[in-house]
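Please walk me through this model, one region at a time.

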Amino acid sequence: MSVCETEGLVKHRPLGSSTRTADTLTLLSYPGFRDELKMNVNQHTPLAAPYGQPQPGYVQPGYAPLDGGYPTSYMPYHGPAPAYQHGAPQQGYSPFTSFPSKAVAPNPVSDPSSPLDLGPARGPPSSAPPPVATGQPYNQYNQSQGDMQNGPPPMTQEPPRPAASQPYNSGAATLPGHQPSYPQHYGHPSTMQQVTNQMTGMQINSGPPTAAGPGYAPPYSSQPPVSSAYSAAPPPSYTQAPPPAVSSGSVQMAPPSVPPASQQQYYGGPPPQAFNPSLPPTTSQQQFTSAPPTSCQQPLPPSSYSSPMPPPSQAPPPLVSQPQQPFPPPQPAYSSAPPPPDSQAAFTSGPPPGAQVSFPPRAPPPSSLAGSFPPPGPPPSSAPSSQYPGSISPHQRPLPSHPSPYHSGPPPPRAQMPPTSMAQSNHLPPGPQGQQQPPLQPGMSAGYPAQQNGAFGQVRGPQPGYAGPYPGQPNYGAPAPAAPAQKRLDPDAIPSPIQVIEDDKAKVNEPFTTGVRGQAPPLVTTSFQVKDQGNASPRFVRCTAYNMPCTSDMAKQSQVPLAAVIKPLATLPPDEAPPYLVDHGESGPIRCNRCKAYMCPYMQFIEGGRRFQCAFCSCVTEVPPHYFQHLDHTGKRVDCYERPELSLGSYEFLATVDYCKNNKLPQPPAFIFLIDVSYNAVKSGLVSIVCQELKILLDNLPRENPEADSVVRVGFVTYNKVLHFYNVKASLAQPQMLVVSDVADMFVPLLDGFLVNVAESRLVIESLLDQIPEMFADTRETETVFGPVIQAGLEALKAADCAGKLFVFHTSLPIAEAPGKLKNREDKKLVGTDKEKSLFQPQVSFYNTLAKECVAQGCCVDLFLFPNQYVDIATLGVVPVSTGGSVYKYTYFQAQSDQERFLNDLRRDVQKPVGFDAVMRVRTSTGIRATDFYGSFFMSNTTDVELAGLDCDKAVTVEFKHDDKLSEETGALMQCAVLYTTCSGQRRLRVHNMAVNCCSQLADLYRNCETDTIINFLSKYALRGILNNHTKAVRDTLINQCAQILACYRKNCASPSSAGQLILPECMKLLPVYLNCVLKSDVLLPGADISLDDRAYLRQLISCMDVSDTHVFFYPRLLPLMKLEGDSLPVAVRASEERLSKGGVYLMETGLHLFLWVGASVQQELLLNIFGTPSFSQIDSAMTNLPVLDNPFSKRLRELIDSFRAQRSRYMKLMVVKQEDRAELVFKHFLVEDKSSSGGASYVDFLCHMHKEIRQLLS
């Protein structure tokens, strides 16, 4: 061994001690408010139990275990899972009481005697629970306001049951007023599919639809309705006079301007749910049950249509390249006439005249248009087999185990057993404890409707031996008579994120100037240039509301969160200048005497320029003689536009010695690389990869001047159970190793020669990096330490009296005897219980104390993890998160497939701009104050955010609360000042200023919000909440707040209209879809294969994301690649399986992953252009990079992938997904508008649920 072992130099001490009916969307034009979206959701079908509420009186079906089968989240996909959980709630439990400072009044508990008694409406919170997001005021429709009205399902389908709170009169119309309700003894509680049918077919048009208008189509058939065993009684119609008695197949809507005469409560409130240890974990979105889905959607044979239909096997999927011009399936015609008494539902808006409407039949829609569906009937032969029962394709058989979407390699293989029955293999996910419970009792019908899965999917058939959902319906397995097809809500009729994004892009044709107070910027998805004219660029600061409420009462009433997402060192595009550096010499920056706010454009100069009045606290301060300047006739200084601090929103001051620690200028920072050399690290190839890469990286250390050498010094440590320090002094011929085996009392055995300048010691460093892999090649040491490793780096920085960063490369749970030793506490049985929150908290307090010491020294820690099993990221991540560092995770690291991702992450992490020893303070004008902070930092008091390191990717979310009234004239001001040390050792102050408007009208508040920023805040609020609360309580709080935001708008800002309408503010119309994505994210609603480490990792990652990161993370970008022309990007499609065409190729970006989905029927030419192979079967799904082919398409696609990667802070590994391949289950996990395998609701279902919650609050 050529390294001199000088162990004798070291002191030795003894070893010591982580559907679709035609509904009108009428456009209202009442004065003063034309920026909202209205949807009418008629109340004929009873809503299912509230989102996540258990159905009383239900036996929880068991889950049959599949040994070595699918983890739950990636079971064979049969359409989205039902969204409800069984089990009766306990009395008197409120999910909100445990939220700190945001408690909500306990809910009244409903009587569990009737399965449909959903309870009284939930009361408003007594103080503000976390607000829910508001959106951008851009309409995806041609006009700014619309009315979505939904009629009841036509009588050609099985009639649904009325809600328990409604009277049950067989076949008769319900009149307004209260009537007694009777217990319901028939059937099964209604499901979200029936809820969906209730909101069926919302159609959005600008103005009264014409026969050829977008989305128009006549009905399927003019045949009379099929009679049924019983008829549901509709709820009262919202007109001022009792409506004429009509059959439940038709509905009359009063004109939107008529206020409802009787508001009978239709939706009950969910009783609060307590955890019952005898039941499986409850979630607010339910997992699959063992009861098979019942078929409420009996297909109608093609012969019963009045026009010819193509045979089912020819029904191709919709093309996704035209998602914005949907061609819906046939629908009832629009008319202002009253509905015919016994025909399919016709929808009227306006006073009904007496004419009758006839519906001409029409041909089926061309199947090549987006949104068209194949006719009901036998499954198309080309549809994916995962969508039908009875047969499992080879791709769908239970696999050893699916890696979670956050794993980088294959998990260890598991034993595999054949499924014991078709029911098990096809419908039942593995259960919580693997036990099997008895099937449903006789007479308890399994009422989950069959799901239409995807555009080319078909309704799943029945299974033998289970009762049907309605009395008198044949059992599964018997040939069912042809019944009318059940219609479903048209996803094209509800607000589309893609449409909103595209509309916003179309509006931006000039730079965004920041000079106008309270002006909302373009969306984060829009590319735009910023011109700083006095407010900080939206790249640095984004607000949830650019019109703040004047009073705290108004803020509480609206529940809109008041917050800003601040990214102090954000990277700017090349066409925007970085903040100017201002040097005021030895006197330092000019500040207010009282509140210490820095000079900014809002300060008012008085008395001829000799004094200035502070815009934040109104205190008057003398202007120093050297800073004096005369005022012009408007009261501005004549040098106003020459000084950045008087004319710009963002700038930097050079700090003086007074702003430095111990009143002395800082030393340049140091980087210390600490490499795990245990058995796992060596055998995976990690050690040699790191050492080879470091030789190159040392030339790319951060520097201010690209021409000069970096002044950052470096040091090296290796470790397993003991630590090895290396002396790499330039004067040595060979590096020296010093071993410290006394890890209980860590110290640094050398000062001179440990931290060195790269240029001076390059030869010695390269020699060391060549020798490390050889020295430990034959190691048998499997145990590691972790606490002492960070202590060693901290002590080295202390000894050198400088700030710096530790890069730790670590592989396993630190179980060796040492401070910070951990034990394996992973317990899947705790998931979904009250004890689950403990798994997100550190298991020992050692790391909290260590983090505090690191912050005091300016020691930032970046942790690169390479685990093959549980490593407790919740604990190991404490130091990186508290010091402003990052955690990177490469599960099942394999050199061949993961090296590229790891090395790209490492390069970017070493090279990116970073500030050290930073302190951030947010000052506000009188009336509001910063109360809560979210991100990766440490706080020792209530005002100062301390960051040992602050890089260009880190964002801090700040919440504001009122402490006084605000004025509409002056608005509200905030100033974020960050004091930090640059990588060259210079102390600087970066200042960002932001002024927003204030309003006394709620309508103004709702007109100027930003949904993406609200979602950023709410996600961070929720992920902090799970540290101390049950995840279900956290989800319920988010839902409740979102409902309150939208209910307040409906009550105070919208024109009077039927209670059946869902009315959304224009700039918040995407709030429900984005909030649903947060609710079903892996942290809040994990699938069975999502490990605790994955959840802790994502929790820490999201906590410091900016708005663009959270946007793509919660709502991934899905691009069709069939046509790539020029430099423009193809228009994205919505994240739903319905949007995928079998003949298409799609690129999906989530911010952490890239997926290339290839349909089974892609043309040969496209395959040749992308993969260089003409056959779908020959595509190598293991590839992580596309082949470099000499054709324009391949070149453009690879450029596109590179540009996506360049926009994100983490390198996104490419995963090629072939349709019907096993990897498709991971891909479908990110199709967030569909139901999730872990029980998350689809967008359509969640919108129905939000409407129910809003109505409940309004009643």
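**A walk through the model**

Helix 9 is largely enclosed by the rest of the structure, because 10 of its 14 residues are buried. Buried means under 20% relative accessible area, exposed means over 50%, and partly exposed lies in between, with a 1.4 Å probe and protein chains only. Helices here are DSSP runs of H or I with at least four residues, strands are runs of E with at least two, and both are numbered from the N terminus. The model is predicted: local features need pLDDT of at least 70, side-chain atom pairs count only at pLDDT 80 or more, and totals for chains, interfaces and linings use all residues. Residues are numbered from 1 along each chain as its sequence is written, and side-chain values use heavy atoms, with hydrogens and water left out.

The buried residues of helix 9 include Gly-787, Pro-788, Val-789 and Ile-790. Also buried there are Gln-791, Ala-792, Gly-793, Leu-794, Ala-796 and Leu-797. The helix covers residues 787-800, and its end C-alpha atoms are 20 Å apart. Just after the helix, Asp-801 takes a positive phi of about 55°.

Next, the cysteines. Searching the whole structure gives zero disulfides, a disulfide being a pair of cysteine sulfur atoms within 2.5 Å. Cys-802 is in none, and its nearest cysteine sulfur, in Cys-859, is 9.5 Å away. Cys-802 is buried, at 3% relative accessible area. Cys-1053 has its closest cysteine sulfur in Cys-1048, at 6.2 Å, which is too far for a bond. Cys-1053 also counts as buried, at 8% relative accessibility.

Now a helix pair. Helix 16 (residues 1031-1052) and helix 23 (residues 1243-1258) have axes that come within 8 Å and cross at roughly 65°. Axes are lines fitted to C-alpha atoms, for helices over the stretch in contact, and angles run from 0 to 180 degrees between N-to-C directions. Contact means heavy atoms within 4.5 Å. Residues of helix 16 that meet helix 23 include Ile-1039, Cys-1042, Ala-1043, Leu-1046 and Arg-1050. Among their partners in helix 23 are Phe-1246, His-1249, Met-1250, Glu-1253 and Leu-1257. An α-helix has 3.6 residues a turn, so residues three or four places apart point the same way.

Which residues does Leu-973 touch, beyond those up to four places away in sequence? They are Tyr-602, Ala-615, Phe-616, Arg-923, Thr-924, Ser-925, Met-994 and Ala-995. Leu-973 sits in strand 30 (residues 972-981) and is buried, at 8% relative accessible area. Its C-alpha atom is 9.8 Å from that of Arg-517, 456 residues apart along the chain.

UniProt, in an unreviewed entry, lists residues 589-627 as "domain: Zinc finger Sec23/Sec24-type". UniProt positions follow the numbering used here, feature names are shortened, and annotations may be inferred rather than shown by experiment. The span is 0% helix and 23% strand, and its end C-alpha atoms lie 10 Å apart.

Last, two backbone exceptions. Most residues other than glycine have a negative phi. Glu-607 has a positive phi of about 50°. Glu-607 lies in the loop between strand 14 (604-606) and strand 15 (611-613), and is partly exposed at 40% relative accessibility. Gln-559 has a positive phi of about 65°. Gln-559 lies in the loop between helix 4 (552-558) and strand 12 (563-566), and is buried at 3% relative accessibility.

Notes
The expected span of a helix is 1.5 Å times one less than its number of residues.
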